Amino acid sequence: MSEETSQHSSEPFLGASKWSTNAYHRSTVVGVVAVVVILAAIPVFTRSNLLFEIQLILIYACSSMGANLTVGYAGELFLGQATVMAVSAYTAAILNVTYGWNPWLTLPLALVAGIAIQVILSLPGLRVGGLYLGLLSFFSVLCIVSVTDIFPNLTGAEAGISGSILFSGSQVSLYYLVMGVFVLSFIFIRNIVMSGWGLRLRTLRDAPHSLATLGLSVRRTKIFVYIVSAAPVALAGWVLAFANEAVSPNLFNLSLTLTIFASVMIIAPGTLYGPIIGTFILEGYSQVIGAFNAYNVLGLGIVMAVAVMVVSRVRGSGALSLGQRLMLRRREDATQGKRSPEQSLTDREQHGS
Amino acid sequence: LVTSQSIGIGIATGVALGSLYALVGLSFNLIVATTGFMNFTLESILALGGIGSYLLLNEAGVPVIASIALILVLGAVCGLIVELVAHRPLAGVAKDPHTAMFLVTIGIATAVDALSSKFFGSTLREVNPYVAPKPIFIEGVPIPPSYIVITLVVAVTSLILELGIRYTSIGKQLTATQLDKEGAQLVGIRVTIIVATTFAIASAFAAIAGFLITPITGASAYNGQDLIIAVFAAITIGGLGSFRGALLGGLLVGLTSGLVPLYLPVDSVDPILLLAMIIVLIWRPTGLLGSKQLRTI
């Protein structure tokens, strides 16, 4: 137990720890600004299909970040991100195309609908844990096609709805919107993780009983995760409806679920950057292979199996993942001078790095 | 138009499908009860059972009895491979082995499905029936003989399983492993062998379920994915890890899938099952017959 605690209290994103925050904040800000500048510069060089593909990656990265908050940080096995995206994308498309709403006006409703479906699907998670929630939410993804088939007038059944257009003819403005959504989601997730709630979420994952012992409600913490982690996913669904200019059930299939999940697991679950890098690798792979190619699902399945196996074996043996080790070194560099060499030596021994 | 005949057919279909769901649910629960792990690869083993019966019965012309034996053996071998590749490296080492095993086996299963669709094609193929397809009339309701075979096979299998667990040595060792793994190890039960046996038996069940279902659905690489929804619902409603729960849950879900299409569109079956799962889990978190104590945190 003491080993566990020391491992997690060493995480640099711990909101409660005050040391090293300034240096850490500065390096984060520099990193984020650099990424934003690079992303913002992309349309200058390319306006072809590649821009659309990068948009898709950024959108899926938002979903991965949401999934990472639920699974990576809070340890709640919710696998229904594709369902949440589908609900908010369909809400946006139906209101925009069928009822002629202004695209921007569909945003609040799409967000609410997406968050609502995640909360409803997660409700049993308040009474049962782990596998049941996983089964149920995974099941919901497989139900998407049936639900769209029941209401063909509303959802267009298999063909879906096309014509959801936000900026007619301007690919670049759309790209910047997607980029804005991506940056916003990142800042949103980062702030939660750095806040006291972030600490609560990790305690829910690692030591739920101590959360209860401290007088904090496990139930309320879970409801918080379900609501908050759905927001970036629902936002991604909304923007996908307009980026793709159409929605159809085959957008939200098993391969999307696998992409989101494998992206979270492949680099380092429970870190800020892991799922983003993972999405770039895996969605990049999907785009190269072709999303509807059988080899796409084959590769994603294998990556998911291997990644989870490696991550849980490495974590289980008490060592830290590569990402965590890099972060740890950065934190130690940042705190040089504030701590005596002996202290950082004992630290290093404790972390087993 | 709903007539007494269509209701009769609905019930017959429901019982046959329900027996199949129960059989697959049993194989899931067998592993859950022994190890606590959710082995999602049973879904692809089911699909492979269907593909195997197409290859054996249609392509190679192997007699039915020999095909059954071969499918059972192949299923068991697949189960042993999964145990070796996915279960053994995770058990006892991983921090959260249950979640890890669930995700790892989902990955393997989707990869296997994609691979078999690459080789077998993703379309449904009709398989030569293992019993004559001419329906038998009971009270004026035409019932395909395969339905009766399915129901009988599942009834007999679950009876043998129940008796085997109660009265044979292996069954008692299995129960001991279920109740207390370390205690069982201490009294000299070779837990690794028991666990491997469980994986083999469960996978053989899944494979034979894939064989039995071919007269209803045909053979396809995605048979497992199509069926798994109902099986999930059956084991969740019945209670994860409970044998009788799987039977009851399977029957309830089977009757739902048999009778709902009489009144509502066929597509509404899955959402109704999802809704039923949510309600049952909120109302009785352990399922209808689940006795295993669950922790809320």
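**Asking about the A–B interface and a helix pair**

Across the interface of chain A and chain B, the rule turns up zero salt bridges. Keep in mind that this is a predicted model.

Me: What makes a salt bridge here, and how many are there between chain A and chain B?
Reply: You'd need a Lys or Arg side-chain nitrogen within 4 Å of an Asp or Glu carboxyl oxygen. As for polar contacts, one residue pair counts, with both residues at pLDDT 80 or more.

Me: How much area do chain A and chain B bury between them?
Reply: About 4400 Å², with 79% of it on carbon and sulfur atoms. Chain A puts 51 residues into the contact and chain B puts in 50.

Me: Which helix gives the most to the side of chain A that touches chain B?
Reply: That's α6(A), with 14 residues. On that side of chain A, the residues split into 34 nonpolar, eleven polar and six charged.

Me: Why are α8(A) and α11(A) called roughly antiparallel?
Reply: Their packing angle is about 175°, and anything over 145 degrees goes by that name. Therefore the pair is roughly antiparallel. The two axes sit 10 Å apart.

Me: Which residues meet in the contact of α8(A) with α11(A)?
Reply: From α8(A) they include A:Leu174, A:Val181 and A:Phe188, and from α11(A) they include A:Phe224, A:Leu235 and A:Trp238. Sorted by kind, the contact has 17 nonpolar residues, one polar and no charged.

How values were computed:
Residues numbered from 1 in each chain as written. Chains lettered and ligands numbered in written order. Predicted model: local features only at pLDDT ≥ 70, side-chain atom pairs only at ≥ 80, totals over all residues. Heavy atoms only, no water. Axes fitted to C-alpha atoms, helices over the stretch in contact; angles between N-to-C directions. Helix = DSSP H or I, 4+ residues; strand = E, 2+ residues; numbered from the N terminus. Parallel < 35°, antiparallel > 145°, perpendicular 65-115°, else oblique. Contact = heavy atoms within 4.5 Å. Nonpolar A, V, L, I, M, F, W, Y, C, P; charged D, E, K, R; others polar. Buried area = accessible area lost by both parts, 1.4 Å probe. Polar contact = N/O pair within 3.5 Å; in protein donor to acceptor, adjacent residues only side chain to side chain.
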